[in-house]
Amino acid sequence: MNNSNTNSKSNQTPLPSGGAGGGFLFLKSVVLLVVSLALMSIEAAGEPAFKTADVRAAEALARRVMGSKASAVVFEQTGEKTDSYELLQKGRKVLIRGNNANSMAVGLNRYIQQFCLANVSWYDFNPVELPETMPRVPAKVSGRVEVPIRFFLNYCTFGYTMPWWKWPQWERFIDWMALNGVNMPLAITGQEAVWQKVWRKYGLTDEQIRAYFTGPAHLPWQRMINIDRWQGPLPQSWIDGQAELQKQILKRERELNMTPALPAFSGHIPAELEQAVPGIKTSRVSRWCSFDEKYQCTYLNPSDPIFARIQKDFLEEQTRMYGTDHVYGVDLFNEVSPPSWEPDSLAKISAGVFESMTSVDPEAIWLQMGWLFINNQKAWTPERIKAYLTAVPLGRMIILDYESDYIEIWRRTEHFYGQQFIWCYLGNFGGMTEIEGDYKLNAKLIAATKAEGGPEFVGIGSTLEGFGVNEPVYEAVMAQAWNTGVGLEEYIDNIADRHLGRVDPSFRAYWHTMADKVCTTHTSTGASSIIVAHPNLEGQWHWTTELRKGYDIANLEEALAILETVKGSSSYFKFDLANTRRQSIGNRALAVRKRFADAYQAGDRDGMVAASKEFLGMCDQLVAVLKTCREFSLDDWIRDARSWGKDEAEKDYFEMNARTIITVWGDTYTLLDYANRDWDGLVETYYKVRWQMFFDAVLAAYDAGEPFVNLRGPNVPNGRTKEECERALKLNDEIWDFECKWAHMK
């Protein structure tokens with residue numbers, strides 16, 4: 001053998017130029033020339049030569065929201081370390097440059113809103129109405145983020161808005177979050193599948209586990225250690241379907257550079273675990289919202305050795321199913337009391353929870369919602385808050401300052417005693433449909449937090465309980481995470497422009513009137529019109545319906561008068577028109593209820609009849625407006641709920657659960673109407689029927705010469721006898737019976 005197998009270049013014989021090797025080299029040269037020319041033409045057209053995963057994710061997002069017109073934009077990833085983007089014209093294309101897919105998405109949204117005068121809704125049924133000719137960007141515009149974290153969602157949103165969503169709805173919403181810069185969404189879908197696997201390890205049967213879970217729409221409160229078992233058992237088809245959905249959700253969120261916050265073990269266990277593992281250190285949490293004792297939750301103290309074992313089992317199983325981004329939502333004592341209020345005890349609990357997480361995931365960050373400090377300010381004293389928070393190493397816990405537009409807890413707690421926090425706008429309770437939210441106050445508070453929040457201030461977020469009707473308010477909050485050079489007044493102009501699809505001075509005047517004179521108050525718990533409130537003669541019957549408006553209703557009428565002069569065909573303009581007309585009807589109905597009550601007090605039966613007919617007629621007017629927009633559809637809510645059922649029995653079960661949460665909510669009056677909303681299908685079959693029952697009862701009492709006492713709640717008021725209240729109490733019972741039957745509650 002000679003050295004024919006050597007790899008030394010010096011021993012290689014050159015191929016003859018005229019042989020087969022020469023033809024190969026010629027062909028190779030031609031291919032390289034063609035590729036080079038293609039790359040040059042791509043570059044000349046504005047297309048980057050090579051595409052990163054982030055560029056591909058941004059392109060896919062553009063195709064989803066822009067369709068074929070996505071060809072008007074190209075993306076390029078920069079090496080910037082800070083989230084940032086820029087838009088510039090490059091040949092026939094608009095070039096959007098950003099350091100990652102999330103920043104490119106924000107840049108794309110700016111192009112769609114500012115230059116295309118179009119809008120991308122968080123609802124998948126709303127179209128993106130782009131112009132026929134895609135506009136150029138005359139001069140470079142840019143944006144740079146000022147806070148690293150942009151958080152979105154609330155446990156409750158998964159019950160009041162999203163319980164019945166499938167992938168198409170989630171896909172649009174995730175795109176909306178990316179377009180608005182959200183990079184830390186709450187991601188709690190599908191956790192029941194994880195818990196089912198965990199509890200099986202401890203000897204519980206599937207029947208016990210599924211009975212421990214609540215119905216789907218109530219799962220957020222089961223996850224927050226508020227209630228167990230209510231409207232359970234949870235069907236296996238739901239558990240399996242949600243697990244598959246969660247995989248899709250997380251895959252897309254991660255593609256768009258989001259850090260989903262998944263759950264961890266908080267100490268909430270099935271009561272049956274006490275029999276399966278005798279001697280464990282458990283306690284019952286306090287009864288929540290008057291639910292029967294059989295729905296009370298069981299809490300395992302972190303000092304019990306089995307706590308860390310359950311945490312390990314859960315996090316390992318969750319990571320196998322869904323992966324991890326090392327941020328975990330753990331929320332203890334939400335609207336319930338801890339086993340002890342002693343500061344040392346609170347410190348041991350939080351330290352135990354954190355240690356159990358980091359023993360499994362050394363990189364774990366604890367995301368804690370700060371609602372408990374707002375909800376029970378009297379009990380959560382500075383000493384107790386400090387003990388609870390500082391037992392966790394600084395930098396390993398992030399607090400969601402949950403309703404910062406109402407009360408900034410970070411200012412009362414020395415910046416959460418050194419823990420990082422996210423300034424959050426709540427903005428909606430229960431999915432209610434009142435026009436609320438203060439653009440200017442939010443901007444002022446966020447600017448002050450940027451200036452004074454210190455190194456602990458790491459993010460801006462929204463913790464809405466339900467979507468409601470005020471989408472632009474949330475977009476405005478998220479926009480303030482970025483330095484874009486666009487002031488608030490100019491931003492309000494652009495809301496008008498992109499909702500209409502063109503610049504119209506009158507429509508801009510409408511939006512500024514709303515921002516200046518109507519959207520001027522922090523959101524109220526249970527905000528509602530009188531139409532959706534439990535009937536009574538005066539005042540409000542229950543705390544869950546707040547009739548007071550934070551603005552002069554004449555100002556909304558002024559805005560509506562301007563709006564009525566505008567002509568437009570955009571779906572977003574149509575919604576603004578319906579939304580304002582709807583609010584106007586609800587606002588004006590309060591005066592009609594007063595005329596009925598005044599006529600009753602004056603013994604004017606004809607006046608009572610006239611006022612009752614007018615009120616019921618306003619219910620019909622409201623329905624006519626609601627029918628024009630899918631945002632106000634009960635049918636969609638019920639159809640989506642039933643779509644999860646594998647047979648008629650499951651479909652009926654899901655419908656019952658869907659009806660329950662938006663009406664009676666639970667097993668007592670306590671949360672009745674908390675999730676009130678102006679919806680076509682709900683107004684005419686539920687709210688109007690209650691008012692008809694009320695008017696008939698008052699007129700019957702008048703005709704019988706008997707008193708009808710105004711009640712506030714289901715009990716006899718002070719200074720009255722049960723006999724005097726007999727008619728009103730009987731009506732309450734009849735209405736409750738009607739409400740439960742409407743919800744199909746058994």
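**Cavities, pockets and a helix pair in the predicted model**

Helix α22 contributes the largest share of the lining of the largest cavity, namely six residues. The model is a predicted one, and in it the count comes to six cavities of 30 Å³ or more. The largest cavity has a volume of about 290 Å³; 26 residues line this space, and Val469, Glu471, Pro472, Phe575 and Asp576 are the closest to its centre. Two or more residues are given to this lining by each of α18, α20 and α22 (571-601). By class, the lining of the largest cavity comprises 14 nonpolar, nine polar and three charged residues.

The second largest cavity holds about 180 Å³ of space and is lined by 17 residues, with Gln191, Trp195, Arg223, Ala264 and Ser266 lying nearest its centre. The elements that supply two or more residues here are α6 (191-201) and α8 (219-223), and α6 gives the most, with four residues. Nine of the lining residues of the second largest cavity are nonpolar, five are polar and three are charged.

Two or more residues come from each of α3 (101-115), α17 (439-452), α18 (471-479), β16 (482-483) and α19 (488-500), and α3 accounts for the largest share, five residues. The lining of the largest pocket divides into 13 nonpolar, eleven polar and four charged residues.

About 390 Å³ of space lies in the second largest pocket, which is lined by 23 residues; Tyr123, Thr161, Trp165, Trp637 and Trp679 are the closest to its centre. Helix α24 (residues 634-642) gives the most to this lining, with four residues, and by class the lining consists of ten nonpolar, six polar and seven charged residues.

Helix α19, which takes part in lining the largest pocket, packs against helix α20 (residues 505-518) at an angle of about 130°, the two axes being 9 Å apart. Because of this angle, α19 is oblique to α20, and the crossing in which α19 passes α20 is right-handed. On the α19 side the contact is made by Glu489, Ile492, Asp493, Ile495, Ala496, Asp497, His499 and Leu500, and on the α20 side by Phe507, Arg508, Trp511, His512 and Ala515. Taken by class, the contact of α19 with α20 includes seven nonpolar, two polar and four charged residues.

Methods
Residues are numbered from 1 along each chain as its sequence is written. This is a predicted model: local features need pLDDT of at least 70, side-chain atom pairs count only at pLDDT 80 or more; totals for chains, interfaces and linings use all residues. Side-chain values use heavy atoms; hydrogens and water are left out. Ala, Val, Leu, Ile, Met, Phe, Trp, Tyr, Cys and Pro count as nonpolar, Asp, Glu, Lys and Arg as charged, and the others, Gly among them, as polar. On a 1 Å grid over the protein atoms alone, a cavity is a set of points where a 1.4 Å probe fits but cannot get out, and a pocket is an open set with protein on both sides within 12 Å along at least five of seven lines; lining residues have an atom within 4 Å of a point. Grid points are joined across faces, edges and corners, and a volume is the space filled by probe spheres set on the points. Axes are lines fitted to C-alpha atoms, for helices over the stretch in contact, and angles run from 0 to 180 degrees between N-to-C directions. Angles under 35 degrees count as roughly parallel, over 145 as roughly antiparallel, 65 to 115 as roughly perpendicular and the rest as oblique. A crossing is left-handed if the near helix is turned anticlockwise from the far one by less than a right angle, and right-handed if clockwise. Contact means heavy atoms within 4.5 Å.
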